[in-house]
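Notes below, in the order I looked things up.

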Amino acid sequence: MIEPKRVLRALAEHWTLLEPLCERFDAGTLSLIELRHQLAAQLPEGTPTDITALLDQWIRLDILVPVAKSPNRFELNAQIHDFLAYLRREHRLGLCLEIEAYLRHLERLAGHIQDAFEIRDGQDLARQLRLLDMRVRDVLKKLANDEQALIGVADRAKTSDRQIPLRQRYAEVLATWDEYVEPMIQLVAADGAFEQGVYRVEQVLMKLLGEQQRLGQLVDDDLLLRTHARILEMQSTAQLTLRHARELLLPLREEARRHNAVTRGAALALSAIRKKGL
């Protein structure tokens, strides 16, 4: 079993080596030879034996893990990668489908909560409520991450080299709109899956509060009220994230579309002139 203290100590000790590797691993896996070359460049005074010992240590601690069916290629342990990304304050835009998947899980947990109450199992009821609260916090963290990632998309579009054609500079904006913002608009709409799912979970919690007053407490009402408040926070945060996404990206998207329309118009005019032989 890996000792957390040893892993944390290794991460702290080798931070300057691991941080650049994160970017390399973002692009894919690395072979043992590529890892050795990378470390040799970062440790000009290190011997091959030193590098081998370092890699062996990372592999023993599960910082580096072999790729399935490719034992000579390695990747960062997914949990380590996420932890390092957090420390580096990286924000990667996830998929809108991830939020929908979380929502489905919340609805399943709400069903388990209802079942536990019906059979008067207070211990399981409290456990399911804690799980629900944890998942809601996961959604809140994802939404916060997504908002920072959206800010990054807008900033990159605005600060890119002006010599690069606008269509290329705004390619990420257009892709983000199509792949994240547009699905999010549908998801968070009043009749969308998110709002409907939140409503169903909320109804279970409110019904539980009423039933506890009638049949007697199985869990503290404060636990139910806190969980309910967290659900409402998730709902409002999703709406705010969407609003900020539109405020950030819609002007850039419209600018790109206007530019594309002008470019197409100019191309058509030029084509017509050429056909006339002018």
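I'm working from a predicted model here. I started with the largest nonpolar core, which has 47 residues. Inside this core, the residues with the most contacts are Leu125, Leu129, Met184, Phe194, Met234 and Leu249.

Helix α7 supplies the largest share, twelve residues.

I then picked Leu125 and skipped its neighbours within four places in sequence. That left contacts with Ile113, Ala116, Phe117, Leu208, Leu218 and Val219.

I also found a second, separate core, this one of 22 residues. Leu55, Leu61, Phe74 and Leu76 are among them.

**Then the sheet**

Leu76 turned up again when I went through the strands: in β3, Leu76 stands opposite Leu64. Strand β3 covers residues 70–76 and pairs with β2 over four bridges, in the antiparallel sense.

In what order do the three strands of the open sheet run? I read it as β1-β3-β2, with antiparallel pairing. Strands β1 (30–31) and β2 (64–67) are at the edges and have a single partner strand each, so one side of each has no neighbour in the sheet.

Last item: which helix lies across β1, β2 and β3? I found α2, residues 15–26, running at about 115° to β3.

Technical notes:
Residues numbered from 1 in each chain as written. Predicted model: local features only at pLDDT ≥ 70, side-chain atom pairs only at ≥ 80, totals over all residues. Heavy atoms only, no water. Pairing = 2+ DSSP bridges. Helix = DSSP H or I, 4+ residues; strand = E, 2+ residues; numbered from the N terminus. Contact = heavy atoms within 4.5 Å. Axes fitted to C-alpha atoms, helices over the stretch in contact; angles between N-to-C directions. Core = buried A, V, L, I, M, F, W, Y, C linked by side-chain atoms within 4.5 Å. Buried < 20%, exposed > 50% of the residue type's maximum accessible area, 1.4 Å probe, protein only.
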